[in-house]
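Please examine the sequence and the three-dimensional model shown below. The paragraphs that follow lead through the chain step by step.

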Amino acid sequence: GQHAHQSLLSTAAQREALDRFCATNLEPLRAARARLTEIDAALAAMGGDHRSRAREVDLLRFQAGELAGAAITDPDEDEKLTAEEDSLAGAVAHRDAGQAALDLLLGTADVPTSTPSAVDQIGMAIRDVTGRAPFEEFSGRLHALAADLTDIGHDLRAFTEQLEEDPQRLAEIRERRQLLRDMRRKYGDSLADVIAFGDEARQRLAELESYDQRVATLEHERNAAVGIEREAAESVAAVRRAGASHLATAVRDVVRSLAMPHAEMDVAVGSEAPGDDVMFLIAANPGLPLLPLSRVASGGELARTMLALRLVLTEAPETLVFDEVDAGIGGTAATAVAESLARLGRRHQVMVVTHLAQVAALADTQIMVTKAVTAKTTTATARIVDGDVRIDEVARMLSGDQAGPSARLHAADLLGDRLGLA
């Protein structure tokens, strides 16, 4: 595209061009560097200096020891202790309530004889209906109810009698629950969080306590990775250096065909592997030293060098689009560029946006692009031109809208020259 040749001034673009020309395989080098990054990250995660590492070990040992002493294994332990605490704390009240229920069900010596028990009252009801045919069904149900009440009374007595105060156990439970609250305050919102924190602390402590061994292992792996990275870098550098002279020769030959007959080219590769410092050097005229493109190339020379590079590197794409790559050149140079584009068009589909008649005339097909503005709408139209219209448009490129007979004759000559280009 327009101004795209400026990208050729960057080291990255020149390196990419060389790698494309050489088909440099960068994957082994990228993989080796990724492995080095991974190992360095693992080393960094092992801890900082020995003082901070020692402080972290001391803290983790304290935390792990405290949690081990707490011996928390059940995330529901606090709920279970709460239920047991409630039972023990209310043992006297529970026993009194059970006894009162027993008095009402079965009756005891402590209850006045004028107040019959539930069982006694059911018995009296049975006596009242027994032997009376209409109440036979109710008599049976009352007998069953009396039996149930008696069973319930026996069970209730057994349960109530085993309810005993245990101040020591109650104190133990309250102390344990306080410990669990302290652990949650320090290490997590729930006992499950506290248990998870303990697991993580022990794991991290084990890592730090085996620091020296782990570091030695990582350093060994790093040394091996550095060797692999160096080997891959040397391989890339060798490919780049081997291809640099071939690329320089290929570009030089094309540049010389673009009206720069005395140009010299070189591609310098940095001495340090993998040779990332790639620099294109050019001497456009005889007697001049080879210097970086950015220091010696004019706009036209740079555009032609870029075009030459594109011509050397464009063996694969079937369709190529050039947007005003001929900007800044004219005369013999423009004709040379046009002929190079035409030769390229024999192997590829080439589309060229140009304002130079020399370039347009050598195309197999000319497409005229016009722009029209109506109201608030802008429309671009592209149409193929041929015959006299073709001559008129090339003439207009030569001399503007007022193209006269001489301009049309010149245009016809240019188009005729194209017919002779084999």
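Of the 422 residues of the chain, what percentage count as buried? The share is 35%, where buried means under 20% relative accessible area, exposed means over 50%, and partly exposed lies in between, computed with a 1.4 Å probe on protein chains only. The structure is a predicted model, in which local features need pLDDT of at least 70 and side-chain atom pairs count only at pLDDT 80 or more, while totals for chains, interfaces and linings use all residues. Residues are numbered from 1 along each chain as its sequence is written, and side-chain values use heavy atoms, with hydrogens and water left out.

The term pLDDT denotes the predictor's confidence in each residue, on a scale from 0 to 100. Its mean over the chain is 82, and 89% of the residues reach 70 or more. Residues 417-422 have a pLDDT below 50, and this stretch has nine contacts in the model beyond near neighbours in sequence; a contact means heavy atoms within 4.5 Å. Where pLDDT is low, the predicted coordinates should not be read in detail.

The chain contains 16 helices and seven strands. Both are DSSP runs numbered from the N terminus: helices are H or I with at least four residues, and strands are E with at least two. Among contacts between residues at least 6 apart in sequence, 67% join residues at least 24 apart.

Which residues of α2 are buried? They are Leu29, Ala32, Leu36, Ile39 and Leu43. These residues lie on the same side of α2 because they cover an arc of only 90° around the axis, the arc being that of the directions from the helix axis to the C-beta atoms. The face of α2 turned away from this buried side carries the exposed residues Thr37, Ala44 and Ala45.

What covers the buried residues of α2 includes helix α10, residues 211-256. Glu229 is found in α10 and, at 8% relative accessibility, counts as buried. Leaving aside residues up to four places away in sequence, Glu229 touches Leu29, Ala32, Arg33 and Leu36. With the residues up to four places away in sequence not counted, Asp19 touches Thr24, Leu26 and Arg240.

The next topic is the packing of two helices. Two packed helices are described by the angle between their axes and the distance between the axes. Helix α8 (residues 167-187) and helix α9 (residues 191-209) pack at an angle of about 65°, with their axes 9 Å apart. Axes are lines fitted to C-alpha atoms, for helices over the stretch in contact, and angles run from 0 to 180 degrees between N-to-C directions. At this packing, Leu180, Met183, Arg184 and Tyr187 in α8 meet Leu191, Asp193, Val194 and Phe197 in α9.

Leu59, in helix α3, is partly exposed, with a relative accessible area of 47%. Leu59 and Ala201 are 142 residues apart in sequence, and their C-alpha atoms are 9.5 Å apart in space. Ala334, in helix α13 (residues 331-344), is buried, with a relative accessible area of 0%. The C-alpha atoms of Ala334 and Leu356, 22 residues apart along the chain, are separated by 7.6 Å.

The backbone of several loops also deserves attention. Where does Ala71 lie? Ala71 is placed in the loop between α3 (50-70) and α4 (77-89); this residue has a positive phi of about 50° although it is not a glycine, and is partly exposed at 45% relative accessible area. Ala375, in the loop between β6 (366-374) and β7 (377-385), also has a positive phi, near 55°, and is exposed, at 81% relative accessibility. Finally, a cis peptide bond joins Ala273 and Pro274, with omega about 10°, and Pro274 is found in the loop between β1 (264-269) and β2 (278-283).
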